[in-house]
Amino acid sequence: MSSFFDAWHYDGRSAVRRKVEVQTIGQQFFLLETERRHGPFAFADVEYVQHKGDVDVYGLSGVDGWRLMLSGPVPAELSAHLPSRRRYGGWVDRLGLGKATVVFSVARAAAIAVVLLSPQWLAPLIPQSVDKKLGDALVGDFGGRFCSTPAGKAALKKLVASLDSSPDDLQVEVAKIDMINAVALPGGKVILFDGLVKQARSPDEVAGVLAHEIGHVREKHVMQALLRQMGLAVVLGGVDGNSGALVNNMLAMSYSREAEAEADAHSMKALGNADISPVGTASFFERLSELDGSARGGEEGRGITGYMSSHPLSRERKKAFEKSIVKGKDYKPALTSAEWTELKTMCTQDRNAKSGFGFDFE
Amino acid sequence: MSEDLSQRHSAFRFHGTWREFAGIAFPNLLLTIVTLGIYRFWATTREREYLWGKTDFIDERLEWTGKGMELFIGFIMVFFLLGLPLIVIQLVSQGLIFRGETVIAAAVTLVMFLLLFYLTGLAYFRALRYRLSRTYWRGIRGGSDDPGFQYGLSYIWRSFVGWLPIFLLVPWSMISLWNERWNAMSFGPHRFSANAEWKPLMRRYLLFYLVPFLVFVGAVAFGIAIAASGGQPDALGGTGMAIGGILLIFAVLAMYIVLPLAALAYYSKYFRLAVGGLRLHDLEFEFRARAPDWILFFLANMAIIICTLGIGYIFMPYRNWKFFIDHMEAYGEVNIDELTQSETIVSKHGEGLLDAFDVGAI
């Protein structure tokens, strides 16, 4: 900092630099050159621009490029009228860096908590009609991939009715896609992929998976997940792409694990009410666990994959379903063997249904 | 400020230090984290205020007058005007694929791609315009009255022409776009003129372009030579395998090391030609960094980031700006009396588009 007070001025109209003296008159001031006088300017219009080297730079609102640059000890009668320095920007300067950090941290935690928790009570408030429209818009007729034969449909209807007390607002379909999978979508839509039905060894296995997906529908998981994703996208919108997506996925995943467990519980209850044995579902997960490798990993190996994957480990789910077996209970098969055959061969019989995923690896 | 011409090496001088910059970068990092990234607009502004303020052009420092709020508003605009429609379009096209309307889905995707491409071009233009309009020197700023919509179209067709002859005209498209962009810009009352040539760039480009072929041809030739001289596969089986393995490693290394080097060599020439073709009234510009400078700069950046486990990343804006200013040179003269204020319009929002597409650079 130089020991002499210096004032320089750019008028914003040309690049000529002017050495000036500041003449203060009440709430106004003039800038005096040797042969010229600029002003008057009102102190109220003066804005802090920035600190450059040992110089404080001020601007004048409404005059583009107008600058007053002061260095050295600014006289008290002048500095009293000048706006204060800006460092981090409005709020942070007012609070101080430390306090601002704390305030922002709390606000951030609150925002995330709201986004994560609110879908649970927001989802039931979404009207059924909106949910249904969304489902219809998304799925439609699934590109003609739904399989249908009268007997197969009847078997499926019976299965759904045995697992749910009010099956009318559900739309369960089998799609001609050779994947071992099933999905719950908005509007009460549940789609079983033909690959899953074909490889199942008994109707009880299909019943367990179906009841699981119906569980997602009844617990409103689909709408919750949609709302949560949208909320996270907004809240994390400010974070750079990659790290934001990672945090987003981690948070969403931990919730989907919870949802899967809920859907499993729903499935076991529904199976119990329908007097269908959970043994089939347990053996289905047994076979899945051989596919996903959790049977090989041993007890120690399960930590990481068990935490990261959205579905609970197949082996743990198998154990849970086995536990839900009630000894001595009189279980009936979910479908008669004739009905089961019809359901299993529905997609083979229905020659009108398109297969595969459209773009296409047929 | 002294007018000692003998001491001055370049019209541009940067005298910031990384320690001072750390005093800005670390609080920025902290505030960015606790605000879920929202502070980063103010962080960028603070960094630029420092970098510009530490940069002399002839005898006066540059001044950055952009505001964090402008960048933030730009980002919000992009989010609502672009982000949300994109999410909707994606949902719609997913629904279309589900329904088997793959042709329409493909058309929607293509339109979306073209739109994004157009907006990328627009974003480059707008960012340059924004930066010039917020850069002051002696109270005078730059800018442009061109909104850049035409440039967006140019960006599409020139890029396609560049790619059409198996990517051989990329140098032409890069240089001609640079010229078009800068020819629309001005500083004070003077318009920039950009007449960079693209033909001198072709040799470097071909070098870069042919690297993969040369490595491949070299590997094949070497392999054939080995096979021809080897003769007895039983005896030399093991060694043959080893040599093959070494060869493969060599080829991969060559791709990973030689290709980026060739790319840097090309970019160095591109930037030298592009800046060299730039004029502002009586001023001519030169960028003096040559390929070895770029390579050293790039390697040092990598080393800093790796050795600091990524924290060094926050110093990259500092390093980039210092490299840029250290190698910038201007010749000619500035008539201070003639340099009057720019009449161009000043947009109230920042480089939101560019920010959204995550493209930095000057």
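This is a predicted model: local features need pLDDT of at least 70, side-chain atom pairs count only at pLDDT 80 or more; totals for chains, interfaces and linings use all residues.
**View 1. Packing of helix H3 (residues 97-122) of chain A against helix H8 (residues 221-235) of chain A.** The two axes cross at roughly 160 degrees and come within 9 Å. H3(A) and H8(A) are therefore roughly antiparallel to each other. Their crossing is right-handed. On the H3(A) side the contact is formed by Ile112(A), Val115(A), Leu116(A), Pro119(A), Gln120(A) and Leu122(A); H8(A) contributes Gln224(A), Leu227(A), Arg228(A), Gly231(A), Leu232(A) and Val235(A). Eight of the residues in this contact are nonpolar, three are polar and one is charged.

**View 2. Packing of H3(A) against helix H1 (residues 18-34) of chain B.** The axes are 8 Å apart, at an angle of about 25 degrees. H3(A) is therefore roughly parallel to H1(B). Leu97(A), Thr101(A), Phe104(A), Ser105(A) and Arg108(A) of H3(A) meet Pro27(B), Leu30(B), Leu31(B), Ile33(B) and Val34(B) of H1(B). The contact of H3(A) with H1(B) comprises seven nonpolar, two polar and one charged residues.

View 3. Chain A supplies 46 residues to the contact and chain B 40 residues. Together the chains bury about 3,700 Å², of which 57% is on carbon and sulfur atoms.

Conventions
Residues are numbered from 1 along each chain as its sequence is written. Chains are lettered from A and ligands numbered from 1 in the order in which they are written. Side-chain values use heavy atoms; hydrogens and water are left out. Axes are lines fitted to C-alpha atoms, for helices over the stretch in contact, and angles run from 0 to 180 degrees between N-to-C directions. Helices (H or I, at least four residues) and strands (E, at least two) are DSSP runs, numbered from the N terminus. Angles under 35 degrees count as roughly parallel, over 145 as roughly antiparallel, 65 to 115 as roughly perpendicular and the rest as oblique. A crossing is left-handed if the near helix is turned anticlockwise from the far one by less than a right angle, and right-handed if clockwise. Contact means heavy atoms within 4.5 Å. Ala, Val, Leu, Ile, Met, Phe, Trp, Tyr, Cys and Pro count as nonpolar, Asp, Glu, Lys and Arg as charged, and the others, Gly among them, as polar. Buried area is the accessible area (1.4 Å probe) that two parts lose on being put together, summed over both.
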